[in-house]
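I opened a new notebook page for this structure. My plan was to look things up one at a time and write down what I found.

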Amino acid sequence: VDGLHRVLEAIESETKQIQVAVVDGTIKDVLIQNLSLNNLRGKINPTDTARVLKVLFEEQGMGVDEISKKTGFTEDRISKLLYISRANPGVLSALDDGLIQLGHAYLLSKIEDRDVQDRVLAQQLIYHFKVSELAQHIENVNAEKEHRENMPPPEASYVPQELKCSFCGEEYPINQLANPNTCPVCSGILIDSIRQARNYREIQPDQ
């Protein structure tokens, strides 16, 4: 629960014995007490705190109001940290490294599309939006995404239902035209003409 630094100092100085107070409790008690002490001392690492809150909320079944009463954190702060605990790893790393503030991390964590969340984070690291500016930017990104999703599908290219026969010029349904674009009548005439020409060559090979 407490005293990690003193233990490490004792190990470094090769102190063989230290005084401790042993208190019975569950892992739930350990986490609550740890959060309470860190909150009192003002030594709060946002991402570590978020992970502990996530365990209390999801694994230990504690509600936001109960956590607030036992740790001293406001319900609003707990809710924001719970959102942040589910953010992409990049958001948590940026928060740990001091590249973004808690307010930035909260807004980013609320973006449901994970790819969009990473893209907006990259934009935040480039342009250094204020929290209010980032909120507006995310609103614009969501509006653009919704607009694209609601756009009607592109219209199919117009396909003519009828074409003119290349020989007689009459229009016929496409499915009645032979290739190349000849109507049944002209197609029959062409085939008959070809057959007659072939027969003629067989009869008159020298012609």
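**Entry 1: salt bridges.** I began with the rule: a salt bridge is a side-chain nitrogen of Lys or Arg within 4 Å of a carboxyl oxygen of Asp or Glu. By this rule I counted 6 salt bridges. The model is a predicted one, so I kept its limits in mind: local features need pLDDT of at least 70, side-chain atom pairs count only at pLDDT 80 or more, and totals for chains, interfaces and linings use all residues. Residues are numbered from 1 along each chain as its sequence is written, and side-chain values use heavy atoms, with hydrogens and water left out.

**Entry 2: the whole chain.** I found 10 helices and 2 strands in the protein chain. Both are DSSP runs numbered from the N terminus: helices are H or I with at least four residues, strands are E with at least two. Along the sequence the pattern reads α-α-α-α-α-α-α-α-α-β-β-α.

Next I looked up the surface. The chain has an accessible surface of about 15,000 Å², and 51% of that belongs to carbon and sulfur atoms. Such areas come from the Shrake-Rupley method with a 1.4 Å probe; for residues, only the protein chains shown count as cover. Of the 207 residues, 26% count as buried. Buried means under 20% relative accessible area, exposed means over 50%, and partly exposed lies in between (1.4 Å probe, protein chains only).

I also checked contacts, meaning heavy atoms within 4.5 Å. Among contacts with a separation of 6 or more, 46% join residues 24 or more positions apart.

Entry 3: I went back to the charged pairs. Side chains of opposite charge can pair when their charged atoms come close.

- Asp76 and Lys80 meet at 3.6 Å, N to O. They sit 4 residues apart in helix 5, so about one helical turn separates them. Asp76 is partly exposed at 48% relative accessibility, and Lys80 is partly exposed at 29%.
- Glu144 pairs with Arg148, with the closest N and O atoms 3.2 Å apart. This pair is also spaced by 4 residues, about one turn, in helix 9. Glu144 is partly exposed at 47%, as is Arg148 at 46%.
- Lys145 and Glu149 meet at 2.8 Å, N to O. They too are 4 residues apart in helix 9. Lys145 is partly exposed at 23%, whereas Glu149 counts as exposed at 54%.

**Entry 4: helix 8.** How far does helix 8 reach from its first C-alpha to its last? Helix 8 covers residues 114-127, 14 residues in all, and reaches 20 Å, close to the 20 Å expected at 1.5 Å a residue. The expected span is 1.5 Å times one less than the number of residues.

Which residues of helix 8 are buried? I noted Val116, Gln117, Val120, Leu121 and Gln124.

Entry 5: Ser68 lies in helix 4 (residues 64-71). Is Ser68 buried or exposed? Ser68 is buried, at 16% relative accessible area. Leaving aside neighbours within four places in sequence, Ser68 is in contact with Phe73, Thr74, Glu75 and Ile78. I also looked at Ser36, which is 32 residues from Ser68 along the chain; their C-alpha atoms are separated by 9.8 Å.

Ser85 is in helix 5 (residues 75-85). Ser85 is buried, at 10% relative accessibility. With neighbours within four places set aside, Ser85 is in contact with Ala50 and Lys54.

**Entry 6: a nonpolar patch.** Last, I looked up a nonpolar surface patch of about 710 Å². Leu4, Val7, Leu8, Ile11, Ile18, Val20 and Val22 make the patch. Patches are made of residues with over 30% relative accessible area and no salt bridge; like charges are joined within 9 Å, nonpolar side chains (Val, Leu, Ile, Met, Phe, Trp, Tyr) within 5 Å. I picked out Leu8, which is found in helix 1 (residues 4-12). Leu8 is partly exposed, with a relative accessible area of 45%.
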